[in-house]
Amino acid sequence: MSLAARLKELRGKNRQSLQDVADAIGASKTHIYDLETGRSTNPSIELLTKLATHYRVAIADLVGENPEGRDEEPGLVAMYRDLKSLAPQDRETIQMLMDRLKPKGK
C-alpha cells in the first residue's frame, strides 16, 4: 500500500478531518491533502515521524517497508524471515546479488 493510501486509510479509521491531522502535527491542511493524494511524494523524516506518532504506527508501516506488515506478499515475508536466520556474511552475499540485479539508475 502506498504512503498516500495508508495516510488516507488511517485518517478515515480515526475519523479525523484533514484539518484535525494538520493541527495535530503542525502542518498545513493542503500538505496533508497533497500527501494523501500522492501529489507530495517525498515527506521529510520529521513529518513522517510526526504522522507515525499521531497515528500510533511505525514509520515503516507508513511507507510500506515493513516485511512483517499485513499488506506484504506472503512469499516476501517468508524470504525476510529466512534472511534473518542467515549469518551476516551470507546476508552480505545476498545483498551484493540484489544490488547487481537492480535496474541501473534506480
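Trainee: In which loop does Arg-56 lie?
Mentor: This is a predicted model, and in it helix 4 covers residues 45–55 while helix 5 covers 59–63.

Trainee: Is Arg-56 buried or exposed?
Mentor: The relative accessible area of Arg-56 is 78%, and the cut-off for an exposed residue is over 50%. Arg-56, whose phi is positive and near 60 degrees although the residue is not a glycine, is therefore classed as exposed.

Trainee: What is the phi of Arg-15?
Mentor: Most residues other than glycine have a negative phi. Arg-15, found in the loop between helix 1 (3–13) and helix 2 (18–25), is not a glycine, yet its phi is positive. Arg-15 is also exposed, with a relative accessible area of 78%, and its phi is about 50 degrees.

Trainee: Which residues of helix 4 meet helix 1?
Mentor: The axes of helix 1 and helix 4 come within 11 Å and cross at roughly 35 degrees, and the crossing is left-handed. The residues of this contact divide into six nonpolar, no polar and one charged. From helix 1 the contact takes Leu-3, Leu-7, Leu-10 and Arg-11, and from helix 4 it takes Leu-48, Leu-51 and Tyr-55.

Trainee: How far apart in space are Ile-45 and Leu-10?
Mentor: Ile-45 has its place in helix 4, and with a relative accessible area of 57% it is exposed. Ile-45 and Leu-10 are 35 residues apart in sequence, and from C-alpha to C-alpha their separation in space is 18 Å.

Trainee: What is the distance between the end C-alpha atoms of helix 7?
Mentor: Helix 7 runs over residues 88–101, and at 1.5 Å a residue its 14 residues should span 20 Å. As for its cover, the count of buried residues in helix 7 is zero, so this helix is hardly covered.

Trainee: Which element has the lowest mean pLDDT?
Mentor: For the protein chain the mean pLDDT is 87, and 94% of the residues reach 70 or more. Among the elements, the highest mean, 96, belongs to helix 2, whereas the lowest, 78, belongs to helix 6.

Terms used
Residues numbered from 1 in each chain as written. Predicted model: local features only at pLDDT ≥ 70, side-chain atom pairs only at ≥ 80, totals over all residues. Heavy atoms only, no water. Helix = DSSP H or I, 4+ residues; strand = E, 2+ residues; numbered from the N terminus. Buried < 20%, exposed > 50% of the residue type's maximum accessible area, 1.4 Å probe, protein only. Expected span 1.5 Å × (residues − 1). pLDDT = per-residue confidence, 0-100. Axes fitted to C-alpha atoms, helices over the stretch in contact; angles between N-to-C directions. Left-handed = near helix turned anticlockwise from the far one by under 90°. Contact = heavy atoms within 4.5 Å. Nonpolar A, V, L, I, M, F, W, Y, C, P; charged D, E, K, R; others polar.
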